[in-house]
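Q: I have a chain open and want to go through it piece by piece. Can you take my questions as they come?

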Amino acid sequence: MKPIAKSQGKGIFIFRNLKEISQWKNANRYNPENPSAGSYVVQRYISDPLLMGGKKFDMRIYALCTNYQPLSIYLYRTGFARFTHYRYDTDDINNACNNNNKKIIFIYKQKVVHLTNVAIQKTSENYDQKLGGKWLLQTLKLQMISKYGQEKVDEAFYQVQSIIIKALQAVQKVMINDKRCFELYGFDIILDSNLKPWLLESLYDSQYLSRQ
């Protein structure tokens, strides 16, 4: 569960099944006694992410949309990957599930393992101030090619491009198409252990694009 109006990994938590989400929704829907209730996005948690050095990462890829009719998109090739600073494991989630905790809220140690946001990672004692826990996308690709081969990596990044295109096609009909303007988006994408890409979120507001 992810609140739509927050950034930097704030307010994220996990449920085990859809039934529990429905129960939570009924208890937290907006009413005069609960004016702080907000809107959330429900996403599947990718529990088998691709790891580098045992650590989880995602990719930030920028796309410039100059026209929606017809759809015209330019990808910024020098994106980057954001890494956690602790080795990945799911023991904390599994233990919470075994203890019948319906709502799993990330506490500090869990956040630096599961969430790649720089705002969270820079609070880690392992944080590298010089590198910032980031790799250029080209560096990530070279590491992946050395392990999985050129063909598989090319296919994975082709699917990344397809995700970005499909995401913009999904809103193409409702976007105001002003040829004097353009839109800059940041797409956060994660790869699973089979090199399948998954869209985490897309950002469009400058205040969110600058936050990592």
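Q: Leaving aside neighbours within four places in sequence, which residues is Asn 177 in contact with?
A: Asn 177 is in contact with Asn 67, Tyr 68 and Gln 69 once neighbours within four places are set aside. Contact means heavy atoms within 4.5 Å.

Q: Before I go on, what kind of model is this?
A: This is a predicted model, where local features need pLDDT of at least 70 and side-chain atom pairs count only at pLDDT 80 or more, while totals for chains, interfaces and linings use all residues. Residues are numbered from 1 along each chain as its sequence is written, and side-chain values use heavy atoms, with hydrogens and water left out.

Q: Back to Asn 177. Where is its place?
A: Asn 177 is in the loop between H6 and E10. Helices (H or I, at least four residues) and strands (E, at least two) are DSSP runs, numbered from the N terminus.

Q: How far apart are Asn 177 and Thr 66, in sequence and in space?
A: They are 111 residues apart in sequence and 9.2 Å apart in space, C-alpha to C-alpha.

Q: And what is the relative accessible area of Asn 177?
A: It is 29%, and Asn 177 is partly exposed. Buried means under 20% relative accessible area, exposed over 50%, and partly exposed in between (1.4 Å probe, protein chains only).

Q: Which residue other than glycine has a positive phi, then?
A: Leu 195 has one, with phi near 65°. Leu 195 lies in the loop between E10 and strand E11 (197–203). Leu 195 is buried, at a relative accessible area of 9%.

Q: New topic. How many helices and strands does the protein chain have?
A: The protein chain has seven helices and 11 strands. Of its 212 residues, 38% are buried. Among contacts with a separation of 6 or more, 68% are between residues 24 or more positions apart.

Q: Take strand E7. Which way do its residues point?
A: E7 covers residues 80–83. Phe 80 and Arg 82 point one way, Ala 81 and Phe 83 point the other way, and all are buried. In a regular strand the side chains alternate between the two faces of the sheet.

Q: What does E7 pair with?
A: Strand E5 (residues 55–68) runs antiparallel to E7 and is joined to it by four bridges. E7 also pairs with strand E9 (residues 134–136) in the antiparallel sense, over three bridges. Two strands pair if DSSP finds at least two bridges between them.

Q: Who stands opposite whom?
A: Asp 58 stands opposite Arg 82 in E7. Phe 80 stands opposite Leu 136 in E9.

Q: Now helix H5. How far does it reach?
A: H5 (residues 137–148) has 12 residues and reaches 16 Å from its first C-alpha to its last, close to the 16 Å expected at 1.5 Å a residue. The expected span is 1.5 Å times one less than the number of residues.

Q: Which residues of H5 are buried?
A: Leu 137, Leu 140 and Met 144 are buried. Seen down the axis of H5, the buried residues fall within an arc of 60° (taken from the directions from the helix axis to the C-beta atoms), so they line one face of the helix. The face turned away from that buried side carries the exposed residues Leu 142 and Ser 146.

Q: What covers the buried residues of H5?
A: The cover includes strand E4 (51–52), E5, E7, E9, helix H6 (150–171) and strand E10 (183–191).

Q: What comes just after H5?
A: Gly 149, which takes a positive phi of about 95°.

Q: And how do the axes of H5 and H6 cross?
A: They come within 7 Å and cross at roughly 135°. The axes are lines fitted to C-alpha atoms, for helices over the stretch in contact, and angles run from 0 to 180 degrees between N-to-C directions. That makes H5 oblique to H6: angles under 35 degrees count as roughly parallel, over 145 as roughly antiparallel, 65 to 115 as roughly perpendicular and the rest as oblique.

Q: Which residues make the contact?
A: From H5, Leu 137, Lys 141, Met 144, Ile 145 and Tyr 148; from H6, Gln 150, Lys 152, Val 153 and Phe 157.

Q: What else do the buried residues of H6 pack against?
A: They pack against E5, E6, H5, E10 and E11. Val 153, Ala 156 and Phe 157 are among the buried residues of H6.
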